[in-house]
Amino acid sequence: EQLELQGHRCAGCGSQLTGYGLLFGKNYLPCRYLDKLMCRQYCHNDDHRVIPRRVLHHYDYVPHRVCRAAAAFLDEIHHCPCLDISKIAPDLIAKTQALRHIRSLRLQLSYLHDLVARAKFRQGTGLLRKSLAGRVHLVLDTELYSMHDLQQVLSGELADVLSDSLDRLSEMARQSPQCRKWLTDAERGARISGELTRLRVEEKLLYRSLLGL
């Protein structure tokens, strides 16, 4: 068992681990993040956290026991967009309807953000940044998530935030002569240069749809 594999030593500080009696008689607890046994005196405070690996591979949002170091690390990266689902768990989106919906909303927002940025419509980019509470990774890279994002996927809060942002920014862009002018000029320039396909057909159609044209 794990206790013997560790030589009856804490994986954190190396102190002696004893496993006599029932659970309350043990001087150690498991860390499910590291899959190691840690002493209760120095390294384990019976903290519980949602573990990224279990979310991505098992869609398990249940908080599990983690050692103090793991708890501190998970707290530190909680808002960091460091989880690329397409690389870590490429099948997860196909299996999860909520994530497919989130990806669709993020793609639409990404196109809309691209439009207002190209049109130098600063009021639009400012609105988007504010409505997403600074989480610009949600539109700059549609595969990146933080643990905070993933927990909001489960609660439905992220879908609400993205839908509201999409509605508000779409309405603002529709009413913006600046955005309309940029699209018209871009299409005209593409025709003159013979590179209309360079303004990708799907991109052009989506831009027009988002602007209500």
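1. Cys82 is partly exposed, with a relative accessible area of 40% (buried means under 20% relative accessible area, exposed over 50% and partly exposed in between, with a 1.4 Å probe and protein chains only). The model is a predicted one, in which local features need pLDDT of at least 70 and side-chain atom pairs count only at pLDDT 80 or more, while totals for chains, interfaces and linings use all residues. Residues are numbered from 1 along each chain as its sequence is written, and side-chain values use heavy atoms, with hydrogens and water left out.

2. The cysteine sulfur closest to that of Cys82 belongs to Cys80 and lies 4.1 Å away, which is too far for a bond, a disulfide being a pair of cysteine sulfur atoms within 2.5 Å. Cys67 is buried, at a relative accessible area of 1%, and its sulfur is 3.6 Å from the closest cysteine sulfur, that of Cys31, again too far for a bond. By this rule the count of disulfides is zero.

3. Strands β1 (residues 28-31) and β2 (residues 36-39) run antiparallel and are joined by four bridges; strands are DSSP runs of E of at least two residues, helices runs of H or I of at least four, numbered from the N terminus, and two strands pair if DSSP finds at least two bridges between them. Leu29 has Met38 in β2 as its bridge partner. Four residues lie between the strands of this hairpin, where Asp35 takes a positive phi near 55°.

4. Asp149, in helix α9 (residues 147-155), is buried, with a relative accessible area of 0%. Its side chain makes a polar contact of 2.8 Å with the side chain of Arg135 (a pair of N or O atoms within 3.5 Å; within protein, one must be able to donate a hydrogen and the other to accept it, and residues adjacent in sequence count only if both atoms are side-chain atoms).
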